[in-house]
Amino acid sequence: MLASSILLTISAKIKIPFYPVPMTMQTFVILLIGITLGYKIGVATVALYLLEGIIGLPVFANSP
């Protein structure tokens, strides 16, 4: 779960210039996590990612 959370954080920083709204690689990584880990561990991984953001770590897109 920790490795997937780190992968999700890295994918948030990768931007694809898509007109009119830019897109990050998070969509692809979320699907990849769901397919490879299953829905229970996938939900726990995303919950861990959100918890990291709530406590103040710069994990979201456009954060320093």
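User: Is F60 buried, partly exposed or exposed, and what is its relative accessible area?

Analyst: This is a predicted model, where local features need pLDDT of at least 70, side-chain atom pairs count only at pLDDT 80 or more, and totals for chains, interfaces and linings use all residues. Residues are numbered from 1 along each chain as its sequence is written, and side-chain values use heavy atoms, with hydrogens and water left out. Buried means under 20% relative accessible area, exposed over 50%, and partly exposed in between (1.4 Å probe, protein chains only). F60 is partly exposed, with a relative accessible area of 34%.

User: Which residues form the aromatic pair, and what is its geometry?

Analyst: A search of the whole structure finds one aromatic pair. Rings of Phe, Tyr and Trp (its six-membered ring) pair if their centres lie within 6.5 Å; planes under 30 degrees apart count as stacked, over 60 as edge-to-face and the rest as tilted. Here the centres are 5.5 Å apart and the planes stand at 90°. The pair is Y49 and F60, and its geometry is edge-to-face.

User: Why does this pair tie together separate parts of the sequence?

Analyst: Helices (H or I, at least four residues) are DSSP runs, numbered from the N terminus. Y49 lies in helix α3 (residues 39-54), while F60 lies in the segment after α3. The pair therefore ties together parts that are eleven residues apart in sequence.

User: Is Y49 buried or exposed?

Analyst: The relative accessibility of Y49 is 5%. Y49 therefore counts as buried.

User: How are α1 and α2 oriented to each other?

Analyst: Axes are lines fitted to C-alpha atoms, for helices over the stretch in contact, and angles run from 0 to 180 degrees between N-to-C directions. The axes of α1 (residues 2-13) and α2 come within 8 Å and cross at roughly 160°. Angles under 35 degrees count as roughly parallel, over 145 as roughly antiparallel, 65 to 115 as roughly perpendicular and the rest as oblique. So α1 and α2 are roughly antiparallel.

User: What is the orientation of α2 and α3?

Analyst: The axes of α2 (residues 26-37) and α3 come within 7 Å. They cross at roughly 140°. The two helices are therefore oblique.

User: Which residues does L2 touch, not counting residues up to four places away in sequence?

Analyst: L2 is in helix α1. Its relative accessible area is 55%, so L2 is exposed. Contact means heavy atoms within 4.5 Å. L2 touches L48 and E52.
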